[in-house]
Amino acid sequence: MTYRIGIDIGGTFTDFAMLKEGAVVLHKNLSTPEDRSLGVMQGLETLAGKEGLALGDFLSRCDAIVHGTTVADNTLIEMNGALTGLITTEGFRDEIEYRRGYKEDIWDVRLAPPKQITPRRRRLTVAERVLHDGTVHKALDEDSVRHACRQLKKQGVESLAVSLLFAHVNSAHEKRIAEIAAEELPGVSISLSHEVLPRAPEYDRTSTTVVNAFVAPRVRHYLDRLVARLRDGGYPGQLMVMQASGGVMSVDYIEGSPIRVLASGPAGGVIGSAHAGRAKGCPNLLCVDMGGTSYDMSLVIDGEAPAEAGWNMHHRYLIGVPMVKVETLGAGGGSICHVHAGALQVGPRSAGSEPGPMAYGRGGSEPTVTDALVMLGILSTDEGFAGGSFTLTKAGVAEAFQTIADQMGHGDPEQAAFDCWRVVNASMSQGVRRTTAGKGIDPKDLVMLAYGGNGPAFAAIQAEDLGITRVLVPKASPTFSALGTLVADPAIDEERSLIAPANALDLAKLRGLWSELDARAARYFTGAGFTREQVKANYRINMRYPGQNFSLTFDIASEGALGDLSFANEGLGDRAIAAFNARHMAEYNHVRDHEVPEVTGVRLASHVATPSPSAAGGAATAAGAPVPAKTRRANLGQGFGDVPVYLGSDLQPGHTVPSPAIIEETFTTIVVYPGWSALVDASGDYELIKA
């Protein structure tokens, strides 16, 4: 018996999905904020116990352990990363402040700019200048570099970002600064822009490099600690880490550019959603993930969740590396309900896992969304919660909502809990509307796929608000992002910069750039235990019309063998122009026939196909009417009443559960709101259908 393990660490729970002989085993345990690797090892030990094995024997039988982490995201949210300095070209000290004039909400006159990772006193310049074609206009003044390093040393800088003008074309000066900094600032982490994001524009490259420098020490420290614990526990393989691009890769690769793990947990859920949607004949999905701390929204169109490398604003900083698009709200089971200036608000503050919601009985003192679900009878206090790891309690919950009720002036704690339910649902629905409207998509044309521990409790009523009539709830929804990491292939997606008219390309230079990317990808795949022959490559070109700020990316050769550059021959320019114009028409509904587009860079997306868990669905043979295990007083939006409660373990493919009803799975609760029904499909997943 061998195993494959997917792990996703959230703000409240650490989720596990284990594959053994095609079956999926789920597990959740509370996260351990003081050292998140401890929660990982605790969960692995529990899984080993379920298999009747000692931890060492269990880990020795694991073919793969794949991990999505929020370490980088938490560092940005909490702004507690490394003390970071920036060295840049003379005259460009304040470019990072300009942010291209971007403001998240142009109508909010009180919106403060994001807190600077590198305040002006830690942004220093050096005398040097490289031109756009890579020629050196002014040699690097090494004395100014040493002076800057010594100033940063006095300020206690722990991590250094280096971003020079046109370093993505000629990196010699950045490399020399790194050598000098290693002498002057021993032990300081160094991030070079030509390695982190080797392309223009300058702001994108500098912002991405600064964020990488800020999060790198914490990410590396965490991964090194987890790898050591796994090795000591008996795991012989390499830990694979989920990337924001939707692929996974070895720790060796990730540690070279830790920024690639930003939003890696949510990315796993989106990749898993695309996989499930294709298998079930639903290529266009609205993916919603409500966990303990946040609510994540994303779209899958035509069965794909492409990673975009453009304008990715993440926690108010621009991140230029490829990222699967995920929008996040501070709305989860642990979101705190409170009254502010006479108005009821839910979130964005969260009780997290320590102490967690009041119903956890771990010392929480402020009511949360989870507590509201307990008050409404949606969540049970009768049996073990989260797979039996603990039991929910009502102790103190009614009193907390009584306080809110008194502040709201009606004095009814159950009404206060229901109001909190309404507010958080409205907040999530409005977030979806903003996301879909920004992409010109009507949510009514989509199928919702709901996951996370709390997603299925709100899915149907939220879908109804949005005009959606069909909702998919995977049986593995409580740990779906962890399962998604097992769907993701090992992948590397990188690019190199080149500016040239598309009708006058230097084919030798293009081949050289792709060859460099080929060799780099092959080195890391080989180090991760894959052969070069297993690697498939998509060769891509970035192009734009002269004067445009942003480029479009498209495949010029796809799913070929790594290193096969036979496509890069005469006629490449004409083929690239035709492909770019087709992509521009699809994206913007027009082309400029009188203009010759320009190439701005080349990109290589390489991957290795690995086994994925089955997500097949389809209709099942009709079964008899399911029998509820009990009834419970609950409010599903139309007042309190006795609601049938079904156990997921009792339901079989083909069963249809009528509304109103509550379905209790091991780690989640699915609510069948009035006007809906729940069908169990052939794979045991749920489909909620609006009558």
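Which residue just after α3 takes a positive phi? The residue is Met79, with a phi of about 50°. This is a predicted model, and the values here are computed from it.

Helix α3 itself spans residues 71-78 and is mostly covered, with six of its eight residues buried. These buried residues are Val71, Ala72, Asp73, Asn74, Thr75 and Leu76. The cover over them includes the helices α1 (36-50), α8 (202-233) and α10 (264-279), together with the strands β16 (312-314) and β17 (317-319).

Helix α12 covers residues 397-408 and helix α13 covers residues 413-438; their axes come within 8 Å and cross at roughly 80°. Because angles of 65 to 115 degrees count as roughly perpendicular, α12 is roughly perpendicular to α13. On the α12 side, the contact is made by Ala398, Phe401, Gln402, Ile404 and Ala405. On the α13 side, Pro413, Ala416, Ala417 and Cys420 take part. By residue class, this contact of α12 with α13 has eight nonpolar residues, one polar residue and no charged residue.

The next element to follow is a sheet. Four strands make up an open sheet with mixed pairing, in the order β30-β31-β33-β34. At its edges are β30 (630-635) and β34 (669-672), each of which pairs on one side only. From one strand to the next, the twist averages 35°. Strand β33, residues 661-664, runs antiparallel to β34, and four bridges join the two. Glu664 has Thr669 of β34 as its bridge partner.

These regions can now be placed in the chain as a whole. The chain contains 17 helices and 36 strands. Its radius of gyration is 26 Å, close to the 26 Å that the globule rule gives for 691 residues, so the chain is as compact as a globular protein of that length. Taken along the principal axes, the box filled by the C-alpha atoms is roughly 80 × 55 × 55 Å. Of the 691 residues, 57% are buried. Among contacts in the chain with a separation of 6 or more, 69% are between residues 24 or more positions apart.

Definitions and conventions. Residues numbered from 1 in each chain as written. Predicted model: local features only at pLDDT ≥ 70, side-chain atom pairs only at ≥ 80, totals over all residues. Heavy atoms only, no water. Axes fitted to C-alpha atoms, helices over the stretch in contact; angles between N-to-C directions. Parallel < 35°, antiparallel > 145°, perpendicular 65-115°, else oblique. Contact = heavy atoms within 4.5 Å. Nonpolar A, V, L, I, M, F, W, Y, C, P; charged D, E, K, R; others polar. Pairing = 2+ DSSP bridges. Rg over C-alpha atoms; globule rule 2.2 N^0.38 Å. Buried < 20%, exposed > 50% of the residue type's maximum accessible area, 1.4 Å probe, protein only.
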